[in-house]
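Please look through the sequence and the structure shown below before reading on.

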Amino acid sequence: MAVFPSTAAAEAEGRIRRPRTKAGPGGATRGPNSRTQKAAYLFIAPIGLGFLLFYIWPMFQTFGYSFTSFGPFGGNSWIGGDNYARVLQDVTVWRAVGNTLLYGAIGLVTLPLSIAVAALLNRRGLRGVSVYRALYFIPFVTLPVAVGLVWNWLYNGNFGLLNEVLSWFGMSRHYWVSDPSSALWAIGLVSVWQSIGYYLIIFIAGIKGIPQDYYEAAELDGAGPVRRFFTITLPLLSPSIFFAAIICVINSLQMFDLIYVMMAPTNPALGSTQSVVSLFYQWAFQQNNQGAAAALAFVLMLLTASLTYLQFRLQKRWVHYA
Amino acid sequence: MRRRTLLAGALAATPLAAGCSTGGEASGTAEAGGRTTLTYGMWDVAQAPGMQQIIKAFERENPDVSVEIQLTPWNTYWTTLRTSMRGGTAPDVFWMNAVNIQLYAANGVLEPLGEHIERDRTPVGKHPKALVDIYAYDGEQYGLPKDFDTIGLWYNKELFDKAGVKYPDSSWTWDDLRDAARELTNPKARVYGITAEMDRQSKFYPTVFGAGGYVLRDGRSGFADERSIEGLRFWTDLVDRGWSPPQSAMAEVRSRNLYLSEQTAMNYDLSAMASFMYGTPAIKDHGGVTVLPKGRERATVIHGLANVISAKSRKKKAAWKFVDFMARRPAAEIQAKGGVTISSYEDTQDAWLKSMPEFDLRNFIDMLDYAVPYPSSRNTAVWEDLEYLLLGAPFSGKGNIEDAARTLAKQMDRALDEEDK
């Protein structure tokens with residue numbers, strides 16, 4: 001998510017946008033003005049170069065490394081497909097893939113929740129919308145380390161708030177993040193809570209883009225708020241939902257920071273919460289096995305790409321472009 | 001001189017920021033007025049003032065050399081170090097531990113010290129042999145120890161008095177400990193007899209050795225050995241009987257904190273934690289420490305940090321002078337006064353012992369006679385990860401410890417085979 005925070009890039013963006021907004025929506029296609037085009041490329045250059053240098057090039061490098069045995073202090077030797085063979089044979093990898101898919105499934109729960117909140121926030125006459133929006137958005141911009149630590153306190157088996165509240169209803173103490181049966185769900189819940197704000201912004205913008213006329217017409221025909229939501233809002237929001245679903249799945253598959261923060265190395269639930277990325281981290285940076293880790297990263301990339309492809313294939317069935 | 005004061009100021013104000021500014025290029029070649037400037041990599045902020053004093057003493061003896069501390073927080077120390085070694089900006093001298101020594105030595109990134117030691121008659125024999133041996137690889141010495149840690153049995157006198165149990169002493173065996181744990185456990189008061197935390201250095205390695213087992217021998221795992229399993233079962237048994245909280249509870253609140261908050265009567269813990277315990281009023285008042293109870297054999301685990309020299313350093317002569325200086329008595333005495341760690345140099349521990357008269361810290365030194373070195377191989381981290389991954393369930397009271405130990409042995413052997421490739 002962190003795009004290069006270069007001031008030059010931000011400046012470039014601002015300067016390119018200005019003439020465009022003046023020219024209106026058709027501005028960009030109004031014939032090739034080679035001078036402005038050149039200038040535009042010049043302005044994109046800083047971020048473009050950064051992207052090439054820090055994202056694209058390392059990707060190719062990683063691909064190369066995935067066929068090598070990587071010395072802990074540099075130097076590597078070609079070993080062909082051995083790393084991939086190791087990845088495919090290792091049970092911990094399959095366990096991590098399973099966990100990761102489960103994180104993805106839990107992550108998707110965020111979407112209906114955010115849509116519901118977005119619809120509620122879009123009701124006419126609701127006061128303090130911006131306050132609510134900020135409240136929902138704050139978890140998303142809070143550092144995952146802080147989020148993880150605070151939630152670990154809430155979940156704590158000995159003095160956590162969650163157990164305290166549950167004890168009022170007669171439930172016994174539970175070690176939420178240390179019990180293998182609940183740890184993954186506990187972490188998944190935090191990530192849902194954390195990302196609602198982000199999708200909320202997308203959906204609020206999407207709902208705002210739906211012409212009011214539809215609603216007025218539906219109201220005249222006697223449609224209630226629930227009916228209006230399901231027959232107007234939801235179908236017309238589907239492009240936003242599609243976009244959000246893609247982002248959501250990709251983000252969930254990259255689950256790492258919360259696991260890293262919330263799970264101590266001696267946590268007995270470690271194995272049942274480990275995601276592919278946290279396994280990658282362990283291999284690459286703790287076990288000095290960068291070659292196999294690179295192969296693992298490519299397996300994750302294939303997984304992500306195929307799920308995204310699947311989503312694009314399926315979108316024809318449910319996404320309406322009005 | 002001015003630069004050092006600046007650095008000291010930076011350390012006091014923002015230790016992390018000082019750690020970040022590795023200043024590799026700048027300080028790596030700096031020759032301030034014909035002086036050689038060494039960089040010294042370490043991770044512990046608490047030890048920085050003591051190290052500064054040692055450096056001051058060293059510079060007094062060697063006016064042509066100055067030393068700059070490079071502080072990197074523990075969490076990033078090893079990754080930063082490896083990266084900077086690749087980039088050629090690694091510190092000239094730096095801290096090493098048992099987990100990493102063989103990895104570094106085997107890859108040839110450390111300067112062999114044997115020749116230097118012989119030439120300058122460095123008093124290596126004044127340091128515990130078990131500790132010195134950790135830093136030898138393939139018959140060559142790569143590091144000289146600076147401090148050491150052993151494990152002792154910490155107990156809470158008040159909880160012992162309440163339960164009417166006699167305090168532990170050097171005559172105790174495992175049976176005595178079990179009996180006491182039973183007596184001391186008081187579910188109503190939420191007090192446990194002991195804490196069977198899944199922690200290798202302070203808990204299950206000492207008992208594996210105490211049962212006559214081993215962790216690693218001739219490149220093979222020892223976890224399938226009957227004695228080793230007995231050492232592991234010592235702990236899981238305490239969990240099963242309810243005399244210790246399960247690991248699932250201690251992953252969230254560590255045993256050390258349970259001991260400090262008086263929720264456990266006994267805890268195996270490091271000598272390095274003494275000053276930490278001392279800072280807790282209740283424990284200072286009625287905490288105590290003694291040698292580990294005897295299993296089949298007497299045993300504890302010894303670990304300590306060592307100073308090593310980077311093979312890529314361009315100032316090896318000065319670097320050796322510094323490492324040699326730190327392995328001798330004056331440096332050890334300065335370190336001991338700091339009270340943070342026990343100096344490994346023989347008979348320099350008095351200052352440390354006297355700094356906390358309420359605790360009988362001599363026990364930690366008495367255990368040196370039978371202390372077993374912390375086991376490590378060339379890629380220790382791999383099988384150490386396996387230990388926690390596989391033993392977590394039995395330490396939480398779920399699953400059979402024997403099965404887990406045998407699986408661990410099998411997977412650990414496979415990891416050890418990988419090392420030889």
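This is a predicted model: local features need pLDDT of at least 70, side-chain atom pairs count only at pLDDT 80 or more; totals for chains, interfaces and linings use all residues.

Residues are numbered from 1 along each chain as its sequence is written, and chains are lettered from A and ligands numbered from 1 in the order in which they are written.

**Contact between the chains**

- Chain A places 22 residues in contact with 25 residues of chain B, where contact means that the C-beta atoms of two residues, placed from the backbone, lie within 7 Å.
- On the side of chain A that touches chain B there are 8 nonpolar, 13 polar and 1 charged residues; here Ala, Val, Leu, Ile, Met, Phe, Trp, Tyr, Cys and Pro count as nonpolar, Asp, Glu, Lys and Arg as charged, and the others, Gly among them, as polar.

**Domains of chain B**

- Chain B is divided into domain 1 (10–149 + 303–347) and domain 2 (151–301 + 376–419), with bounds that come from an automatic or database domain assignment.
- The C-alpha centres of these two domains of chain B lie 31 Å apart, and 12 residues of domain 1 are in contact with 12 residues of domain 2.
- Helix α6 (residues 98–106) of chain B supplies the largest share of the domain 1 side of this contact, namely 6 residues; helices (H or I, at least four residues) and strands (E, at least two) are DSSP runs, numbered from the N terminus.
- By class, that side of domain 1 of chain B has 7 nonpolar, 4 polar and 1 charged residues.

**The largest nonpolar core**

- The largest nonpolar core has 184 residues, of which Leu296(A) and Phe322(B) touch the most other members.
- Such a core is a set of buried Ala, Val, Leu, Ile, Met, Phe, Trp, Tyr and Cys residues joined through C-beta atoms within 7 Å, and a residue is buried if 20 or more other C-beta atoms lie within 10 Å of its own, exposed if 12 or fewer, and partly exposed in between.
- Helix α9 (residues 183–208) of chain A gives the most to this core, with 11 residues, and the core also draws at least three residues from each of domain 1 and domain 2 of chain B.
- When residues up to four places away in sequence are not counted, Leu296(A) touches Val87(A), Val93(A), Val276(A), Leu279(A), Phe280(A) and Trp283(A).

**The sheet of four strands in chain B**

- An open sheet of 4 strands in chain B has the order β9-β12-β8-β13, with mixed pairing; two strands pair if DSSP finds at least two bridges between them.
- At the edges stand β9 (192–194) and β13 (287–290) of chain B, each with a single partner strand, so one side of each is left without a neighbour in the sheet.
- Strand β9(B) runs parallel to β12 (residues 264–270) of chain B and is joined to it by 2 bridges, with Tyr192(B) having Thr264(B) as its bridge partner in β12(B).
- Strands β8(B) and β13(B) run antiparallel and are joined by 4 bridges, and Asn156(B) stands opposite Gly287(B) in β13(B).
- From β13(B), Gly287(B) and Val289(B) point one way and Gly288(B) and Thr290(B) the other way, and all are buried.

**The sheet of five strands in chain B**

- An open sheet of 5 strands in chain B has the order β2-β1-β3-β15-β6, with mixed pairing, and its edge strands are β2 (65–71) and β6 (143–145), each of which pairs on one side only.
- Strands β3 (residues 93–96) and β15 (residues 306–309) of chain B pair in the antiparallel sense over 4 bridges, and Met96(B) stands opposite Ala306(B) in β15(B).

**Two loop residues with positive phi**

- Most residues other than glycine have a negative phi.
- Arg190(B), although it is not a glycine, has a positive phi of about 55°; Arg190(B) is found in the loop between α10 (174–184) and β9 of chain B, and is exposed, with 12 other C-beta atoms within 10 Å.
- Asp218(B) has a positive phi near 50°; Asp218(B) lies in the loop between β10 (216–217) and β11 (220–221) of chain B, and counts as exposed with 7 C-beta neighbours inside 10 Å.
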